[in-house]
Amino acid sequence: MISLEQLTKVYGHGDQRTVVLDRLDFSVDAGEIFAVVGPSGAGKSTLAQCVNLLERPTSGSVLVNGENLSQLTEKQLRVARRRIGTIFQSDGLYSRRTAAQNVALPLEYLGVTAEETRARVAELLDRVGLAGKAGHYPHQLSGGQRQRVGIARALALRPSVLLSDEATSGLDPDSTRSIVALLKELRDDLGLSILFITHEMDTVLQVADSVARLDHGRIVESGRIVELLRDPASGLGRALRPARSHESAPADATEWFVSYTSAAVPADWLTRLAGQLGTTVSLLGASIETVDGATVGHASIGVAGANAEHLISVARSLGLEARPEQAAQPAEILEPVA
Amino acid sequence: MSLPLNNNVPLAEIPALVFPALLDTLIMVGIVMLIVVLVGIPLGALVHNLAQGGLFENPALHTTISWIVSIGRSLPFLILMASIVPFTRFITGTNIGIAAAVVPMAIAGIAFFTRIVENSLRGVPPTLVRVAKASGASPLQIIRTAQLSEALPSIIGGLTINTIAMIEYSAIAGTIGAGGIGYVAVTYGYQRFDNTVMLATIVILVATVASVQLIGDRLVRLTTPHSRTQARLPRASRREASLV
């Protein structure tokens, strides 16, 4: 388990003073994947560097399994860092070392014997599905394979916490999916706490149990993914599943935006809604899916001549929240990071 | 002025004149390059890591060392050599011969190579240092594995350039009686107008420099997995096919 307590990072002094991280407070339990998202300049990379102890926080602390790691001397830090495995962006491999030699790095630094290293490296490469690629150099591997090597290396010293710093950025969708599946598998098998820092909302939806949104160094919103998706007022929920453009309603109908707010939405809610309202309901656009076994979604519908309050209450009885389309706020799109 | 032909070295005696001189040059450059590598690599790594963003960031010390290196780089070799004669005599007890040439050549070579190493290290992606740190590496382990090892092909490329420059410097040192191929070229070819000897020294110098370049290029290829595996690709893929 890893927790941050009032973690603050300030660069510069006086007029030049910039607060990059402002009293961050969150924890990632064993077996949990916690995502931090945010636009570029939000402080994501500084957060990553504070968590893997490459940067000292100005104040506040980083605790791993209850032990405070942020007040250590440089030498103690080197030991403490070994308890946190870091997966970097896909350019983090040594170009002149084979996959096996890259995975062996942390063991080499620690001074593990050659024999033990060989056995551990073989086990790790097998674990990430690269047993046959031990002798390949990074340039002979695909982006996804390189990232698997990075994951194996991060796990070499059996850390309890895994930090993924934009690990899937720059990978194609298929590779991203396979890396995400591997991370979930490792989380389940090894009981890891995974802190997943990214700017990709799609990936967050695939990988995380909980998510926090970092903006200007502060966590502006956080929660369990499913709960955020079921809360129509949540900006982060909307950003995770943005509404796409949809067809416009027939001339005599008004447009409504309907979102799933409970687990008990019947699959035939559209028919039921039309039946109970006694009117025509046309489907203009919809996006419904299951995230972690829970159905979430939203739809734009056109309703001909129904009383607004009646519609809202019928929708509520079906586990939905209905709002006139004009009032539906546009999703806050997080700017992508190069 | 006519050239007194009888003063020239007979063709048959030229090998006996130039080959021992070539050996002297090789010994001189060999000793110099050994010193240059032993001092230049640690010094280059130090300068790189004293700079902003380095492992031991220290702007004052970085500026000081950088200035000293720049002074060593900015003096033309002939002037450097002449200006440090007292120092050379203090170290070697003489100011002629190979021993005396090694001192100024090593100083010029170290200054040159320090910059080459520094520049090569700058080409290593900074992520790799972070990877090493996050993997629990000590500063020395970081320098060895994440910096020098990754920059090795580039350093070898620089070393080739540096060695060739030292062959050139050895010829200049030859003018103050350091011996070697440069000395022969100056005394026979230049001062005695012996064109045959001059031509022979030119051929030997060109051949030497070409060989050094060839060996250097080959080493760069061997230390770069990308080009090495490309060259071996047909055999490697055949092996893979047989494994399936």
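Q: Let's start with the hairpin. How many residues sit between strand 1 and strand 2 of chain A?
A: Six residues lie between the two strands of this hairpin. In the turn, G12(A) has a positive phi of about 75°. Bear in mind that this is a predicted model.

Q: In what sense do strand 1 and strand 2 pair, parallel or antiparallel?
A: Antiparallel, over seven bridges. Strand 1 of chain A covers residues 2-11, and strand 2 covers residues 18-28.

Q: Which residue is the bridge partner of Y11(A)?
A: T18(A), in strand 2 of chain A.

Q: And what holds paired strands together in general?
A: Strands of a sheet pair through backbone hydrogen bonds, and they can do so in parallel or antiparallel fashion.

Q: OK, what is the strand order in the open sheet of chain A?
A: The order is 2-1-4-5, four strands with antiparallel pairing. Strand 2 and strand 5 (67-68) are the edge strands, each pairing on one side only.

Q: How many bridges link strand 1 to strand 4?
A: Five, again antiparallel. Strand 4 of chain A takes in residues 59-64. Within that pair, I2(A) stands opposite V64(A) of strand 4.

Q: Which strands does helix 1 of chain A lie across?
A: Strand 1, strand 2 and strand 4 of chain A. Helix 1 spans residues 44-51 and runs at about 120° to strand 1.

Q: Switching to strand 7 of chain A. How many of its residues are buried?
A: Five of its five residues, 161-165, are buried.

Q: Which way do they point?
A: V161(A), L163(A) and D165(A) point one way from the strand. L162(A) and S164(A) point the other way. Both groups are buried.

Q: How does strand 7 pair with strand 6, in the parallel or the antiparallel sense?
A: Parallel, over four bridges in chain A.

Q: What about strand 8?
A: Strand 8 of chain A, residues 193-198, also runs parallel to strand 7, and five bridges join the two. There, D165(A) has I197(A) as its bridge partner.

Q: Which residues lie nearest the centre of the largest cavity?
A: T86(A), R153(A), A154(A), A134(B) and S135(B), out of 14 lining residues. Strand 6 (84-87) and helix 5 (143-155) of chain A each give two or more residues to that lining, as does helix 6 (126-134) of chain B.

Q: Which element gives the largest share?
A: Strand 6 of chain A, with three residues.

Q: How does the lining of the largest cavity divide by class?
A: Eight residues are nonpolar, three are polar and three are charged.

Q: And how much space is in the second largest cavity?
A: About 50 Å³. It is lined by 10 residues, with F88(A), Q89(A), G92(A), Q147(A) and G150(A) the closest to its centre. The lining of this second largest cavity has two nonpolar, five polar and three charged residues.

Q: Now the largest pocket. What volume does it have?
A: About 840 Å³. There are 33 lining residues, and those nearest the centre are G53(B), G54(B), L55(B), V129(B) and K133(B).

Q: Which elements each supply at least two residues of the pocket lining?
A: From chain A, strand 1 and helix 2 (74-80). From chain B, helix 1 (14-50), helix 5, helix 6 and helix 7 (139-174). Helix 6 of chain B gives the most, with four residues.

Q: What classes of residue make up that lining?
A: The largest pocket is lined by 14 nonpolar, eight polar and 11 charged residues.

Q: Last one: F113(B). Where is it found?
A: In helix 5 of chain B, residues 97-122.

Q: Why does F113(B) count as buried?
A: Because its relative accessibility is 0%, and buried means under 20%.

Q: What does F113(B) touch?
A: Leaving aside residues up to four places away in sequence, F113(B) touches V36(B), V37(B), G40(B), I41(B), I155(B), L159(B) and N162(B).

Q: How far apart are F113(B) and Y188(B) in space?
A: They are 32 Å apart, C-alpha to C-alpha. In sequence, 75 residues separate F113(B) and Y188(B).

Methods
Residues are numbered from 1 along each chain as its sequence is written. Chains are lettered from A and ligands numbered from 1 in the order in which they are written. This is a predicted model: local features need pLDDT of at least 70, side-chain atom pairs count only at pLDDT 80 or more; totals for chains, interfaces and linings use all residues. Side-chain values use heavy atoms; hydrogens and water are left out. Two strands pair if DSSP finds at least two bridges between them. On a 1 Å grid over the protein atoms alone, a cavity is a set of points where a 1.4 Å probe fits but cannot get out, and a pocket is an open set with protein on both sides within 12 Å along at least five of seven lines; lining residues have an atom within 4 Å of a point. Ala, Val, Leu, Ile, Met, Phe, Trp, Tyr, Cys and Pro count as nonpolar, Asp, Glu, Lys and Arg as charged, and the others, Gly among them, as polar. Grid points are joined across faces, edges and corners, and a volume is the space filled by probe spheres set on the points. Contact means heavy atoms within 4.5 Å. Axes are lines fitted to C-alpha atoms, for helices over the stretch in contact, and angles run from 0 to 180 degrees between N-to-C directions. Buried means under 20% relative accessible area, exposed over 50%, partly exposed in between (1.4 Å probe, protein chains only).
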